[in-house]
Amino acid sequence: MKNVAINILKKMPVFTHLKDEDIEKISKISTERHFKKGTIIFMEGDPGEAFYFIKSGKVKVYKTTPDGREHIFTILSEGGVFAEVTLFNDICYPASAEILEDAEIGMIKNKDLEDLVRTNAEIALQIIKVLSKKLFYSQQKVKELALGDTYSRIAKSLLTFADDHGTEKEDGIEMKLNISRQELANMIGTARETVSRALSQFKKEGSIEIQGKKIIIKNMEKLKSWIQ
């Protein structure tokens, strides 16, 4: 792990306010692996033995419905954390995780972290704060899926992608989304045709420009106006 991993751990929300010596302790119980695109890190139902963070690459967290459809919860890139729901709980992974781009992934075994927090209250408190925040955002997403307008959800997803994966260019904020229209629809919880209609409408009004899988946000305010 060494210095590079320590710097990444410092930027992770769950550890960002910890002292340097605490970060060093966590780095000592961390391991890392390299994964190729398409690799399944874990499957829904596997024993939840660890949580992960991304040093490079992208990871898709998703759930498969009984009829075989895929619902994408999130797509994470460098600095993203996933599977932390299994922390301090003897449960299985509630979703699956797949490598979208060749990635370097850090892993912290739950048992090792539990042993560490037993002797460090500051680390424990910081983890509790972060998990509480994630729970709030999850509740908000459920509310949006139940009550929100579909176009509003699509617009909000694009704005989130812009924050997480966007690059500022002269003509707007460029996002290279390595996902299909169907995968985007699965993430939002709607049909692919609905996503296509929404993107066409956003393009027509001048909010975005579409170039293959690349989307450029041309007018942030117009896109925000769709969010209710």
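Modeller: A term to begin with: buried means under 20% relative accessible area, exposed means over 50%, and partly exposed lies in between. The model is predicted.

Colleague: Why is Lys 63 called partly exposed?

Modeller: Its relative accessibility is 31%.

Colleague: What makes the contact of Glu 44 and Lys 63 a salt bridge?

Modeller: The N to O distance is 2.7 Å. The rule asks for a Lys or Arg side-chain nitrogen within 4 Å of an Asp or Glu carboxyl oxygen, so the pair qualifies because 2.7 Å meets that limit. Glu 44 sits in the loop between β2 and β3, and Lys 63 in strand β3, 19 residues apart. Glu 44 is partly exposed, at 33%.

Colleague: How do you know that Lys 55 is buried?

Modeller: The relative accessible area of Lys 55 is 9%. Buried is under 20%, so the label holds.

Colleague: Which salt bridges does Lys 55 form?

Modeller: One is with Glu 32, with the closest N and O atoms 3.1 Å apart. That pair links strand β3 to strand β1, 23 residues apart. Glu 32 is partly exposed, at 31%. Another is with Glu 104, at 3.2 Å. Glu 104 lies in strand β6 and Lys 55 in strand β3, so this pair ties together parts 49 residues apart in sequence. Both Glu 104 and Lys 55 are buried.

Colleague: How many salt bridges does the rule give?

Modeller: The count is 16. Lys 60, Glu 70, Glu 98 and Glu 183 are linked in a network of salt bridges.

Definitions and conventions:
Residues numbered from 1 in each chain as written. Predicted model: local features only at pLDDT ≥ 70, side-chain atom pairs only at ≥ 80, totals over all residues. Heavy atoms only, no water. Helix = DSSP H or I, 4+ residues; strand = E, 2+ residues; numbered from the N terminus. Buried < 20%, exposed > 50% of the residue type's maximum accessible area, 1.4 Å probe, protein only.
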